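Hi,

As promised, here is the structure for you to open alongside this note. Could you keep it on screen while you read?

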Amino acid sequence: MKTAKPKRRKSLYGRVARINSLTLFLSSTGIMLCVLALICAIIVGSEQKALRGMMEQLTERVVHIGTPSRIAFANITLRDGLEFAIYDANGQPLYQSSYSMPSTEVKAYPPTLRLIEHQDWTTFGEQKRAYDLICHAATYIQTDEETVLLHVVGSLSYLVTLVQGTIPALIAALPVMLLISILLGRSISRQTIVPIREISTQLSSKSSANLFERIDSAAVDCEFIEMVDAFNALMTQVEASFIRQREFISNASHELRTPLAVMDGHISMLLRWGKDDREQLESSLRILKKEVRSMTDMMTELLLISRADRGILERESVGFSVSELLEEIRQDVLVVSPQAILCIDAGRTLSVTGDRALIKQVFRILVDNSLRYCPPPGVITLAAREEGKGLRFSVVDTGQGIAPSDLPHIFERFYRAHDLPDAQKGNSGLGLAIAKVLVEAMNGRITAQSQPHTRTEIAFFIPFGEHELSKKQIDEKELDPKKFGEDEKTVT
């Protein structure tokens, strides 16, 4: 089986060099053409000035002498390439300085360029078509006897010769210009990508020792500041993630060390003498089972957090009644903790479509947390209401509350308040962290408010959206009357 050849990578340096070389080549060619055009314009302007001067001189002579004759213009000195002729009102020539004067209409016009065609004889007696460029002008002159037309012509054949000689030279110089453009383009491109190579060198020098060092944006060109800032921001996120992972591993190791030590101690005791004491054997087995369950729960929680961090949580969107969900949670809690006092505060007619399982799991975590810190006669309230563009769920209890110093950290992994009684320190410290992860997986947010020994509220908001919650009102007739009392608020 033939393997596909790897695609050749494109070089930024090569692209920049080609662009610069092409730009330099076109620019130099354009400059040369502009210089040629400027020279031609100067020559044409000089010729037009000479024509005007000759016309003024001849006009004075014609007005002075009246009828033109060859003797009258015998002492007129003409510059090489300048010729003139005088015509009567019918277009008949009265005087011509040269018999090769081109024909013209009997009218006045300013200095004008004109390309004329004629036949030249070669050295072998053959005729060939040739062209001359002339600059000519005509003006009427009123004499005492009649009105005549003065026609002055200046040949620009040397300009044609200049252009004809320059174009082949320019074509011959194009390869040299192209070579120079390529060399200059490569040199300029090399200087252009120097900052990129410097940044690449700094990135290549990264190792575990200096992984989180930032690139100084003040030391790079302004065009690369945005890229450097983006890299530094990325490294900040990577560093934060790395620190969280390191702390997570450290905390997990610490949390696993205690149950493992307990299990090792009891197993060693059983191996030494405890297996012969039936009462001690049963006690140790119960403790071992408890520790195994605790470790199993912790592993499940760690796996759930890991899957959430990688964004691979299983999601299922179903339609459900919010009140029915809260009542189901209340009944589940009462099975485990029949002495608990729970209330429900939610609209009976509100139904949504969303991930019912995740929302229920978040509620279970929050209720379990409230049960731990709010024993009877404390009251726990499960609430839900529409707020803005989403639903706000909350669990409110009247327990011991959360200290202000602990409140900002309760959603951190493995965090436990320092002033908890020993009986309440058996939890892993992952419950609220998991709740936060699940809420964020639904594009929501979770908050906590507490007044010590008075009231604690942990609320989470899930927005309406295509992949989160969608709302619809259901008819009260669709509700099961056996599950609810007459009022929207149910107290047990």
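The largest nonpolar core holds 56 residues, and V322, F363, L366, L382, F393 and F460 have the most contacts inside it. A nonpolar core here is a set of buried Ala, Val, Leu, Ile, Met, Phe, Trp, Tyr and Cys residues joined through side-chain atoms within 4.5 Å; buried means under 20% relative accessible area, exposed over 50%, and partly exposed in between (1.4 Å probe, protein chains only). In soluble globular proteins, nonpolar side chains tend to be buried together.

Please bear in mind that this is a predicted model: local features need pLDDT of at least 70, side-chain atom pairs count only at pLDDT 80 or more, and totals for chains, interfaces and linings use all residues. Residues are numbered from 1 along each chain as its sequence is written, and side-chain values use heavy atoms, with hydrogens and water left out.

Leaving aside neighbours within four places in sequence, L382 is in contact (heavy atoms within 4.5 Å) with residues including L326, I329, L342, I344, F363, V367 and V395.

For the overall picture, the protein chain has eight helices and 14 strands. These are DSSP runs numbered from the N terminus, helices being H or I of at least four residues and strands E of at least two. Of the 492 residues, 36% count as buried. Among contacts between residues at least 6 apart in sequence, 65% join residues at least 24 apart. The chain exposes about 30600 Å², with carbon and sulfur atoms supplying 56% of it; areas come from the Shrake-Rupley method with a 1.4 Å probe, and for residues only the protein chains shown count as cover.

Next, the salt bridges. The count comes to twelve, taking a salt bridge as a side-chain nitrogen of Lys or Arg within 4 Å of a carboxyl oxygen of Asp or Glu. E328 pairs with K360, their closest N and O atoms being 2.2 Å apart. That pair links distant parts of the chain, with E328 in helix α6 (residues 322–336) and K360 in helix α7, 32 residues apart. E328 is partly exposed at 27% relative accessibility, whereas K360 is buried at 12%. D332 and R364 also meet in a salt bridge, at 3.3 Å from N to O. D332 lies in α6 and R364 in α7, so this pair too ties together parts 32 residues apart in sequence. Both are partly exposed, D332 at 29% and R364 at 46%. E328, D332, R356, K360 and R364 are linked in a network of salt bridges.

Another salt bridge joins E457 and R455, at 3.5 Å from N to O. E457 is buried at 8% relative accessibility, while R455 is partly exposed at 37%.

Helix α8 (431–441) is worth a look as well. Its buried residues are L432, A433, I434, A435, V437, L438 and V439, and what covers them includes α5 (278–309), α7, β11 and β12.

Which backbone features stand out? Most residues other than glycine have a negative phi, and most peptide bonds are trans. Just after α8, N443 takes a positive phi of about 60°; N443 is in the loop between α8 and β11 (445–451) and is exposed at 54%. H453, in the loop between β11 and β12 (455–463), has a positive phi of about 65° and is exposed at 67%. A cis peptide bond joins P376 and P377, with omega about 15°, and P377 sits in the loop between α7 (356–373) and β9 (379–387).

Helix α1 (residues 12–65) gives the largest share, three residues. I31 lies in α1 and is exposed at 54%.

Finally, how many disulfides are there? A search of the whole structure, for cysteine sulfur atoms within 2.5 Å, finds zero. C135 is buried at 0%, and C374 at 3%.

Best wishes
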